[in-house]
Amino acid sequence: METDLLLLAGLPEEHEGLADTFRSMNPRSEPTPTIGLAALLTGDRAGLRRLLAQGPAVRHGMLRLTDGPTFHERGLIVADRLWDALAGHDAWPEHLSRVDVGAVPPGLDGWLALPQVRHAVRALGSADARTLLVAAADETIALSRCAALAHAAGRPVVGVRAAADDRAAITALVAHAAARDAVPLLVVETAGGTGTTGGEAAGGGPARLDLTGVPGPVLVWAPSMALRPAGQRPLLGVPSGPVPVEDRRTAWRAALPGPPGQDAALTARHPLDPALTAAVGEDVRSLSRLSGTGAGPREATETIRCRAGAELPDGVRLSSPAAGWDRLVLPGEPAAQLRDAVARLEHSALVLDEWGLRERARAGHGVRLLLTGAPGTGKSLAAEVIATAAGTDLMAVDVSQVVSKWLGETEKNLAAIFDAAERVQAVLLLDEADALFAARTAISGAHDRWANLETAYLLQRMDRFDGMAVLTSNLRANIDPAFLRRMDFVVEFPLPDEARRRELWRLHLPARPIADDSALDLLASVYPVPGAWIRNAAVAAAFLAAQDGATIRPAHLIKALAREYAKAGRPFPGVPAGIAGDREEQS
Ligand SMILES: Nc1ncnc2c1ncn2[C@@H]1O[C@H](COP(=O)(O)OP(=O)(O)OP(=O)(O)O)[C@@H](O)[C@H]1O
Ligand SMILES: [Mg+2]
């Protein structure tokens with residue numbers, strides 16, 4: 001009888017003559033069959049009443065009743081564009097914003113085998129009313145999971161983007177999904193867009209989603225913290241991870257076929273989610289069609305950088321440093337710590353997955369370093385060297401731009417930055433981060449208390465961070481012990497001793513146009529300055545030399561170094577015997 005009702009309601013859509021006929025039979029001259037007419041045709045008034053009150057077609061919103069003075073004068077209509085959909089056309093109401101989940105990306109087998117995910121697949125196959133909330137920070141990842149779930153349940157999925165309280169859109173979605181025997185997916189739109197942190201931007205806090213009365217399973221995704229499920233409906237959370245290494249490798253193999261071992265190398269370098277890997281593969285293939293060149297790891301790295309760069313927050317700079325270990329002059333222990341930190345990335349699959357330290361010690365993929373030491377001792381440079389050695393980009397954050405005077409903003413800025421760094425898998429450098437992690441003890445003004453709240457956020461976000469984070473600071477004493485404890489490496493950068501100063505001079509000066517090489521040894525022994533001063537003096541001396549004669553003479557170096565002392569407001573110790581000073585420069 002329900003199908004008959006739908007057919008009856010759809011007839012005016014089928015032929016204008018039928019619409020005319022219904023108009024002549026309708027007491028209010030509307031081109032729709034009335035309930036009275038339906039009652040006449042079915043001959044079962046009680047059954048009809050029941051169906052129109054709670055039958056599936058009405059509950060799913062496929063069949064709607066127009067207003068009317070009496071029950072039997074109300075008209076029966078089919079939901080907007082549903083008649084076309086039932087006829088097999090992919091028709092949708094115009095005002096609906098459709099979301100296409102795309103194909104299922106390769107590399108989700110391990111994820112699909114997780115118990116919670118298997119429950120979700122079973123839920124999609126059942127008729128029970130249930131909200132399946134997909135937990136993913138990123139929309140691309142969430143959509144890939146919806147595609148995989150529906151595929152595993154053997155049903156298509158149809159998605160719509162709408163606000164959580166847009167009941168009309170949700171009703172239309174559910175009706176059209178039912179007409180196609182598909183799983184409905186609601187992508188919750190927030191006022192600030194559907195970005196990762198857009199949720200709170202709406203101002204009113206998380207939106208309320210009430211699907212009470214909606215039949216069957218509904219998939220829902222919302223940006224994090226943007227949604228508060230309400231109402232009478234069982235909720236099932238669907239995690240988006242973990243994705244085992246093997247699956248990430250499968251994803252890379254499918255996205256970028258190449259020589260044996262390439263998939264492993266790509267996985268180590270870009271342990272992306274399979275959904276993102278597939279997107280990068282698309283980028284690379286499309287690029288290679290345009291350029292006619294190869295589609296390999298280098299192109300993959302480039303497109304990842306491009307995708308990431310497009311969504312970087314303010315105050316963040318992404319670069320591809322090329323500074324080898326030989327650029328960094330450090331004593332044995334600090335140097336060894338830096339190398340060990342890089343090695344952690346390489347061996348994370350072995351230690352965490354094969355040896356099981358992920359479970360045993362709750363160890364994560366992330367590596368956290370704190371570099372402390374006097375100004376100009378090479379901390380920022382070390383971050384570049386680390387990124388170079390790890391074969392990744394460097395995401396440098398200007399901490400002063402991140403710290404906001406607006407309550408709550410700093411935390412949001414930090415969250416966006418950490419998310420972005422995880423997406424690109426770049427080494428994250430929070431340079432001169434002291435402003436963020438001053439000891440929590442000294443709470444005086446409102447501003448200080450606020451800074452401490454941020455410290456708390458930073459602490460727990462660092463715990464979860466699954467990439468390499470490098471923080472630098474001039475003042476070890478200022479740093480909260482809770483912070484130090486969470487660091488995997490705390491590396492102290494000492495001022496260079498005489499031998500290292502000699503190395504630093506040689507490193508920063510060109511080998512050829514130096515008049516007197518032994519002068520460098522003398523400079524190293526007489527002036528106890530940090531590496532940055534040596535670097536600056538070397539550059540300045542080279543320019544002085546270029547001005548007069550193209551040979552770098554000791555006098556140039558002395559003059560440039562004296563200027564470094566002056567910059568720092570420190571008295572210049574004078575020129576040692578054995579080096580010609582200004583006199584020679586003038587001759
Ligand atoms: N240990 C070092 N080895 C090699 N070069 C160094 C070293 N220390 C300083 N330099 C040179 O000085 C420049 C500036 O150093 P860098 O900016 O890395 O110091 P920093 O410790 O970050 O200083 P700050 O605390 O002021 O930020 C480097 O780019 C490099 O050329
Ligand atoms: Mg620095």
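Which residues gather in a patch of negative charge on the surface? They are Glu13, Glu14, Asp80 and Glu94, and the views below start with them. Welcome to a predicted model, in which local features need pLDDT of at least 70, side-chain atom pairs count only at pLDDT 80 or more, and totals for chains, interfaces and linings use all residues. Residues are numbered from 1 along each chain as its sequence is written, chains are lettered from A and ligands numbered from 1 in the order in which they are written, and side-chain values use heavy atoms, leaving out hydrogens and water.

**View 1. Asp80 belongs to a negative surface patch.** Patch members have over 30% relative accessible area and no salt bridge, and like charges are joined within 9 Å. Asp80 sits in the loop between strand 2 (76-78) and helix 6 (82-86); helices (H or I, at least four residues) and strands (E, at least two) are DSSP runs, numbered from the N terminus. Asp80 counts as partly exposed because its relative accessibility is 41%, where buried means under 20%, exposed over 50% and partly exposed in between, with a 1.4 Å probe and protein chains only. Arg81 lies in that loop between strand 2 and helix 6 as well, and is partly exposed at 35%. Its C-alpha atom is 8.6 Å from that of His176, 95 residues apart along the chain.

**View 2. Strand 14 (residues 427-431) is mostly covered.** Five of its five residues are buried. Val427, Leu429 and Asp431 point one way, while Leu428 and Leu430 point the other way. Look for Asp431 as the bridge partner of Asp398, and for Leu471 as that of Leu430.

**View 3. Arg145 and Asp273 meet in a salt bridge.** Such a bridge is a side-chain nitrogen of Lys or Arg within 4 Å of a carboxyl oxygen of Asp or Glu; here the N to O distance is 2.5 Å. The pair links distant parts of the chain, 128 residues apart: Arg145 in helix 9 (residues 139-153) and Asp273 in the loop between helix 13 (262-269) and helix 14 (274-291). Both Arg145 and Asp273 are buried.

**View 4. Glu498 and Arg502 form a salt bridge in which N and O are 3.4 Å apart.** They are separated by about one helical turn because they are four residues apart in helix 25 (residues 498-508). Salt bridges with shared partners join Glu498, Arg502, Arg506 and Asp521 into one network.

Definitions and conventions. Pairing = 2+ DSSP bridges. Patch = residues over 30% accessible without salt bridge, like charges linked within 9 Å, V, L, I, M, F, W, Y side chains within 5 Å. Areas by Shrake-Rupley, 256 points an atom, 1.4 Å probe, with all protein chains shown as cover. Lys, Arg positive; Asp, Glu negative; His and termini not counted. Charge placed at Lys NZ, Arg CZ, Asp CG, Glu CD.
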